[in-house]
Amino acid sequence: MKYSLYFEQALPMLLDAFMPSLKEFVDALQAGWFPALAAFVGCSIIVAGDYFQLPYLDATPDLILTVAVVIGVFSFSILVANIVYLPMIFWKKFQRHKHRKEIRKKLVQAVETAPDEEKAILAYLVSSGRKAFTAEFDHKKLSPLVSKGIIMKLGGTNSELEWPYMVRQDVWDYLLENRESYSIEIPDNAPDPFHWRNGGW
């Protein structure tokens, strides 16, 4: 009895010293549904074990029970919130996927209906394996492709004579899928047609 009374008096100090605060528990639970589920199951076992007087759990101190109930309520609330929010997550993913398909479709149409001069540039890029390249900042031949979103002009601080460009990923994938239609022979010693010293296209 003496040791039991001492343990009950010392328990709050032990909890303050070693257990995280309620805010830390809530922050941990909000990190995802799995920590919340684990906390809810553990707290439910503690409370149920005391209620049904299961061995080793039938004499749980009131302070532990209170903490278990509070954490259990918080974890249950987070689980419910995640379940309710789940359809919204799937809907957003569906919308993003749909939007990306629409963008890809428009880009593919822009490539297929592009003039032969623009297709020749894309054929050169895919045949030489140059998804990224450099050219003049205001390259006249590239401007139509940039305005259509087929080629992106990258940002940053660069030389106006050697500005970085990159073929958009959806366009690059399409060109690789249809490499036979966008394939040209490029000699090994051919100069870079985008470089200002070589006269360009």
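## Salt bridges, helix packing and a surface patch

At a relative accessibility of 35%, Lys148 counts as partly exposed. In this predicted model, the side chain of Lys148 meets that of Glu118 in a salt bridge, with an N to O distance of 2.8 Å. The pair links distant parts of the chain, 30 residues apart: Lys148 is in the loop between helix H6 (143–147) and strand E2 (151–153), while Glu118 belongs to helix H5 (residues 116–128).

The structure holds four salt bridges, and three of them are listed here.

| Salt bridge | N to O distance |
|---|---|
| Lys148 and Glu118 | 2.8 Å |
| Glu177 and Arg104 | 3.1 Å |
| Arg100 and Asp170 | 3.6 Å |

Two of these pairs involve helices H4 and H7. Arg100 and Asp170 meet through their side chains; the pair links distant parts of the chain, with Arg100 in helix H4 and Asp170 in helix H7, 70 residues apart. Asp170 is buried, its relative accessible area being 10%. The side chains of Glu177 and Arg104 also form a salt bridge, and this pair joins helix H7, which holds Glu177, to helix H4, which holds Arg104, across 73 residues of chain. Here Glu177 is exposed, with a relative accessible area of 55%, whereas Arg104 counts as partly exposed at 25% relative accessibility.

Helix H4 (residues 62–112) also takes part in a crossing with H3, in which the two axes come within 8 Å and cross at roughly 140°. The crossing of H3 and H4 is left-handed.

Helix H3 (residues 33–51) contains Leu37, which counts as partly exposed at 32% relative accessibility. Leu37 forms a nonpolar patch on the surface with Trp33, Phe34, Val41 and Ile45, and together these residues have about 510 Å² of accessible area.

A further residue, Phe194, is placed in the segment after helix H7 (169–177). Phe194 is buried, with a relative accessible area of 1%. The C-alpha atom of Phe194 is separated by 9.3 Å from that of Leu142, although the two residues are 52 residues apart along the chain.

Methods: Residues numbered from 1 in each chain as written. Predicted model: local features only at pLDDT ≥ 70, side-chain atom pairs only at ≥ 80, totals over all residues. Heavy atoms only, no water. Patch = residues over 30% accessible without salt bridge, like charges linked within 9 Å, V, L, I, M, F, W, Y side chains within 5 Å. Areas by Shrake-Rupley, 256 points an atom, 1.4 Å probe, with all protein chains shown as cover. Helix = DSSP H or I, 4+ residues; strand = E, 2+ residues; numbered from the N terminus. Buried < 20%, exposed > 50% of the residue type's maximum accessible area, 1.4 Å probe, protein only. Axes fitted to C-alpha atoms, helices over the stretch in contact; angles between N-to-C directions. Left-handed = near helix turned anticlockwise from the far one by under 90°.
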